[in-house]
Amino acid sequence: MGLKESTIFVTGGAGFIGSAVIRHVLTETEAQIVNIDNLTYAANLDALSAVASNQRYAFRKLSICDGTALRELFLKFRPTAVMNLAAESHVDRSIDAPAEFIQTNIVGTFVLLQECLRYWRGLSTAEQARFRLLHVSTDEVFGSLDSEGCFNEQTRYAPNSPYAASKASSDHLVRAWWHTYGLPTIVTNCSNNYGPYHFPEKLIPHMIIKGMSNEPLPVYGDGNNVRDWLYVEDHARALTLVLEKGVVGETYAIGGRSERTNLSVVESICDHLDDISPASHGSRRDLITFVQDRPGHDRRYAIDCSKIERELGWRAKMDFSEGLAKTVMWYYENRKWWQDILNRGYRNTRLGLGEAK
Ligand code: NAD
Ligand code: DAU
């Protein structure tokens, strides 16, 4: 599928990854974008200010759980593709309050699938062949790794958190709509993203903001959990390529080949902050505090992304140390962006201990 003369629905386009996808597609292709987002706490339209006046961009505030409203949008815009990034995305929140995760991630994906199918069935044969639903998922559906090995497209599902289970459910629904009804779907499972406009509840921005304020830096457990970091713009490029060139019915694992322990990530953030803005009390590493672990905390994630590299020619370009330095600098220079989020009521406090056993 070429993206010329394409109209793409991006659900969750006001979120961290969705907004990067929209910026990328509008800058690098000629496609039209309709951003469908109900603007939860995690949304931020400021991330789209550079493209909001683009003639090829439209925004509609609505939930993917609202089938009637989606149906009207399909009839009005007649998309050639849908990229589904709308989700509740934060593991700690899913431990405290899973209901919204079930609603958006499972029920919302189901409603979206039904509306895609209804619309797709009304298309001509040529239009049906061109249509794609790209469902964006996570490596967390595969559970936790020991110190060896990587997740790939064959790894069995073993989700451990309410978030991961909700994403696994949505992946299974998408697969079933392809196998049962022939709806042309593709699923991607990617590792931890980082970069500009990341909501401050997530590890990297959380630590940057706390470090800038010289507050304690709360590392869960022993800090030796491992994540495989992917720069968000590399991910946006991968998703665009999968939409263009990916094979229907397939899944693609996407990762940055950048495994790091949480502790080493936090130490690097401290060092970058010390370089940019030395603290009077000395090294920010002294602020690192080991706190009660996340219940059910997955030990290690790592992605073998050789399939997308081999078959589609994608490769993560951003080196982790360079990407982290850029990200720390971005938060340093864009204090207003995250200060506004704090002013709107986000507390930057510990989440995820909830009702855990
Ligand atoms: P995010 O939390 O930053 O953004 C999610 C967006 O979805 C928000 O703008 C929110 O308003 C919107 N949304 C939520 N519920 C909605 C609904 N019912 N209808 C319409 N819009 C709704 O999330 P993100 O980090 O950008 O993640 C995007 C997708 O990528 C998610 O599906 C997530 O599971 C997946 N993913 C994220 C990562 C990561 O590291 N951030 C890694 C792998 C996969
Ligand atoms: O792997 C992909 C997933 O990555 C995505 O599907 C999720 O949407 C995304 O939120 C992310 O999930 P994680 O749970 O890995 O990300 P988070 O930033 O919450 O935590 C990263 C690691 O850092 C994890 O091991 C928990 C730890 N952590 C997190 C916070 C917020 C801390 O040690 N201290 C903290 O304060």
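Leu39 is partly exposed, at a relative accessible area of 29%, where partly exposed covers the range between buried, under 20% relative accessible area, and exposed, over 50% (1.4 Å probe, protein chains only). This is a predicted model, in which local features need pLDDT of at least 70, side-chain atom pairs count only at pLDDT 80 or more, and totals for chains, interfaces and linings use all residues. Residues are numbered from 1 along each chain as its sequence is written, chains are lettered from A and ligands numbered from 1 in the order in which they are written, and side-chain values use heavy atoms, with hydrogens and water left out.

Leu39 sits in the loop between β2 (32-36) and β3 (57-60); helices (H or I, at least four residues) and strands (E, at least two) are DSSP runs, numbered from the N terminus. Although Leu39 is not a glycine, its phi is positive, about 55°. Most residues other than glycine have a negative phi. Arg257 also has a positive phi, about 50°, without being a glycine. The loop between β11 (251-254) and β12 (259-261) holds Arg257, and this residue counts as partly exposed at 45% relative accessibility.

Of the 28 residues around ligand 1, the nearest are Ile17, Asp37, Ser89, Tyr163 and Lys167; a residue is near a molecule if one of its heavy atoms lies within 4 Å of it. By class, this shell divides into 14 nonpolar, twelve polar and two charged residues. Here Ala, Val, Leu, Ile, Met, Phe, Trp, Tyr, Cys and Pro count as nonpolar, Asp, Glu, Lys and Arg as charged, and the others, Gly among them, as polar. At least two shell residues come from each of α1 (16-28), β5 (132-138) and α6 (162-181), and β5 gives the most, with three residues. Backbone N or O atoms also approach oxygen atoms of ligand 1: the distance is 3.0 Å for Gly15, 3.4 Å for Val136 and 2.9 Å for Asn193. The protein covers 96% of the 830 Å² of accessible area that ligand 1 has on its own, with areas taken from the Shrake-Rupley method with a 1.4 Å probe.

Around ligand 2 there are 24 residues, the closest being Thr138, Asp139, Tyr163, Arg294 and His297. The shell of ligand 2 is made up of nine nonpolar, nine polar and six charged residues. An N or O atom in the side chain of Asn192 is 2.8 Å from an oxygen atom of ligand 2, and for the side chain of Arg227 the corresponding distance is 2.9 Å. From the backbone, an N or O atom of Leu203 lies 2.8 Å from an oxygen atom of this ligand. Of the 700 Å² of accessible area that ligand 2 has on its own, the protein covers 94%. The elements that give two or more residues to this shell are α7 (203-212) and β8 (217-220).

The 14 residues of α8 (residues 232-245) should span 20 Å at 1.5 Å a residue, and the end C-alpha atoms are 20 Å apart, which agrees; the expected span is 1.5 Å times one less than the number of residues. This helix is mostly covered, with ten of its 14 residues buried, among them Val232, Asp234, His235 and Leu243.

Three further buried positions complete the picture. Val82, in strand β4 (residues 81-84), is buried with a relative accessible area of 0%. Beyond its neighbours within four places in sequence, Val82 has contacts (heavy atoms within 4.5 Å) that include Phe9, Phe74, Leu112 and Phe131. The C-alpha atoms of Val82 and Thr7 are separated by 8.6 Å, with the two residues 75 residues apart along the chain. His90 lies in the loop between β4 and α3 (91-96) and counts as buried at 4% relative accessibility. Not counting residues up to four places away in sequence, His90 touches Tyr41, Phe101, Glu201, Lys202 and Leu351.

Asp274, in helix α9 (residues 262-276), counts as buried at 17% relative accessibility. Its side chain makes a polar contact with the side chain of Arg284 (3.0 Å). A polar contact is a pair of N or O atoms within 3.5 Å; within protein, one must be able to donate a hydrogen and the other to accept it, and residues adjacent in sequence count only if both atoms are side-chain atoms.
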